Amino acid sequence: MADDSNKVVAEIRTSFGKGAARKLRASGKIPAVMYGRGTEPQHVALPAHQIGLIIRKSNAVLELEIDGEQSLALVKDVQKDPVLRIIEHLDLIVVIKGEKVTVDIPVHIEGESAPGTVVNRDATTLSIEAEATHIPESLVVSIEGLEAGAHILAKDVPLPTGSTLLSDPDLLVVAVAEPEAEEQEEEAAGESTTAAE
């Protein structure tokens, strides 16, 4: 969701290449490219520390100020150094307030299933269409008290107002089952060993 913390002042980049990008990162900035709306890609530099905080949330939307002009951009891709874990580059997509975008949202499970059951998680994200400025951080599924044999499908997951499910509605997200027979046997064997001791 866009809020004041997502307001970022960006600078236009005029020098390119690895050397220029290295210098930029050394000065505490991240090179980024903005695409979209039929315009030429725009090369900008963003403040590294601020961006690092913002992109902890997936699908962050930045309110950019570039040469006094405001624009919204969705963070589409983050390239990080595999060893140092520093952000090397961002790809941004220009969006307009009220415009819908396609995003993958993580699914969070809440609650406890019925005693003696195990929870199998099949889908960790769902693809939805949401307003660019109202992208949820996560989709929450409650498994509170669910018995073995219960299934939660993508179509059962509550979506925020104005969002549309794009994943297959019958995609299995969570299944509640009885523990595997082997596990129960192992537990029983473990208990009898303990009893024998």
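Author: Happy to. A contact here means heavy atoms within 4.5 Å. In this predicted model, 60% of the contacts in the chain between residues at least 6 apart in sequence join residues at least 24 apart. The chain has 197 residues, and buried ones make up 35% of them. Its elements are 3 helices and 13 strands.

Now to the part you asked about. Side chains of opposite charge can pair when their charged atoms come close. The structure holds 2 salt bridges.

Let's take the pair formed by Glu-11 and Lys-29, whose side chains meet at 3.5 Å, N to O. Glu-11 is partly exposed, at a relative accessible area of 41%. Lys-29 is partly exposed too, with a value of 22%; buried would mean under 20%.

The other pair is Asp-170 with Lys-155, and their side chains meet at 2.9 Å, N to O. Here both partners come from loops: Asp-170 from the one between β12 (164-165) and β13 (172-177), and Lys-155 from the one between β11 (151-153) and β12, so the pair links parts that are 15 residues apart in sequence. Asp-170 counts as partly exposed, with 46% relative accessibility.

How values were computed. Residues numbered from 1 in each chain as written. Predicted model: local features only at pLDDT ≥ 70, side-chain atom pairs only at ≥ 80, totals over all residues. Heavy atoms only, no water. Helix = DSSP H or I, 4+ residues; strand = E, 2+ residues; numbered from the N terminus. Buried < 20%, exposed > 50% of the residue type's maximum accessible area, 1.4 Å probe, protein only. Salt bridge = Lys/Arg side-chain N within 4 Å of Asp/Glu carboxyl O.
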